[in-house]
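Hi,

Here is the structure I promised to pass on.

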Amino acid sequence: MKLCWLDIRNVNGAKEAIIEEAVHQRVDAIVAADQADLEAIPPTVKKVLFPQHQPLPEKLDAVDLVIVDPARHGEPAELAQQYPDVEFGRYVEIKDADSLEDACRAARLDKWSLLYFRDPTKIPLEIVLAAAAGSDGNIITQVADVEEGEIVFGVLEHGSEGVMLAPRVPGDATALKAAAVSKAADLSLVELEITGIRRAGMGERACVDTCTNFGLDEGILVGSHSTGMILCCSETHPLPYMPTRPFRVNAGALHSYTLSANGRTNYLSELVSGGRVLAVDSKGKSRVVTVGRVKIETRPLLAIDAVSASGVTVNLIVQDDWHVRVLGPGGTVLNVTELTPGTKVLGYLPVEKRHVGYPIDEFCIEK
């Protein structure tokens, strides 16, 4: 989980509601310019004083950490000797080559670095993160909104340790915490036994092209019913007559369910460029990937029936072609046209029914 700091220095009328939400959401820190705003904050939240344009107060009684601008307040190491019970961090505004070097130095040497990048490009942040590789410090990047925060969390596949956001309205703290989840929850996959294969006539199937390459034992979960899905393999493995497309999964008929972010399901027909889908490997490790496009075409279809050891039946309808593949135990790659009764494949059994993609506990029969 990445660190979430909420900056209340310029929050106006909704300050009390925003602080209450922040505490309820267990943000990691609340940042204020005045110690008085931090006095009522519970000890479960780090109290950060950031007097950016003001002198330091003589006493620091209600704070855990002070972020200072060395040009105005002095060096963090020297201030830490003056205030031994308080942590100190450095603020750097990156606007040119010299300030970028200052940020790199702070990221390597200081325990806390609060960075503000004046320009929208993320190249300077990439440079700082590379310079700080292996250091023990914490880089907090100031962001304009939750969307930028989510981007910063993923820069160089590592991102800052945290972000600082000035909330505009109640709800921003909740959204920031959701964005701070570093990865999707891993899934408990099960072995399913194939019980039948049959041709299902013509229909539309969807190839899901993503903006990332899949691993050798990675794909997406697809099924005709919300209660059972089979792990469909990406086109990562070599095939005759055509090049590999490691970013693609020939997933299944357009009506099929697949898992996306936050535990929601989507029909394959609903996926669009810029959307999200859950990539899952043979051990159940998952990650959210971005959809580049969905390619829907008419093809002959194959219906695959399977059952779990607990008796849950699963159905998957895919293109009837030997180059369409699913994954078996241990990441074994299986051509769908060569599946036979008794073959074991990997799958997932969500326990909830679905309504417009969201899990819901209600009576529902799918067949």
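Let me start with the second largest pocket: helix H2 (70–73), E5 and H4 each give at least two residues to its lining. Please keep in mind that this is a predicted model. H4 provides the largest share of that lining, with 5 residues. The pocket's volume comes to about 280 Å³. It is lined by 15 residues, and those closest to its centre are Pro-70, Arg-90, Tyr-91, Val-92 and Asp-102. Sorted by class, the lining of the second largest pocket has 8 charged residues, 6 nonpolar and 1 polar.

Now for the strand and helices around there. E5 belongs to a barrel that 8 strands close in the order E1-E2-E3-E4-E5-E6-E7-E8, with parallel pairing. From one strand to the next, the twist averages 25°. In general, strands of a sheet pair through backbone hydrogen bonds, either parallel or antiparallel.

Next, the charged pairs. Side chains of opposite charge can pair when their charged atoms come close. How many salt bridges does the structure hold? There are 19 salt bridges. One of them is between the side chains of Asp-37 and Lys-15, at 3.6 Å from N to O. Asp-37 is in the loop between strand E2 (29–32) and strand E3 (46–49), while Lys-15 is in helix H1 (residues 15–24), so this pair ties together parts that lie 22 residues apart in sequence.

Searching the whole structure turns up 1 cavity of 30 Å³ or more, and the largest cavity has a volume of about 30 Å³. Which residues line the largest cavity? They are Cys-233, Ser-234, Glu-235, Asn-250, His-323, Val-324 and Arg-325. By class, that lining splits into 3 polar, 2 nonpolar and 2 charged residues.

Happy browsing!

Definitions and conventions
Residues numbered from 1 in each chain as written. Predicted model: local features only at pLDDT ≥ 70, side-chain atom pairs only at ≥ 80, totals over all residues. Heavy atoms only, no water. Pairing = 2+ DSSP bridges. Helix = DSSP H or I, 4+ residues; strand = E, 2+ residues; numbered from the N terminus. Axes fitted to C-alpha atoms, helices over the stretch in contact; angles between N-to-C directions. 1 Å grid on protein atoms, 1.4 Å probe; cavity = no way out; pocket = protein on both sides within 12 Å on 5 of 7 lines; lining within 4 Å. Points joined across faces, edges and corners; volume = space filled by probe spheres on them. Nonpolar A, V, L, I, M, F, W, Y, C, P; charged D, E, K, R; others polar. Salt bridge = Lys/Arg side-chain N within 4 Å of Asp/Glu carboxyl O.
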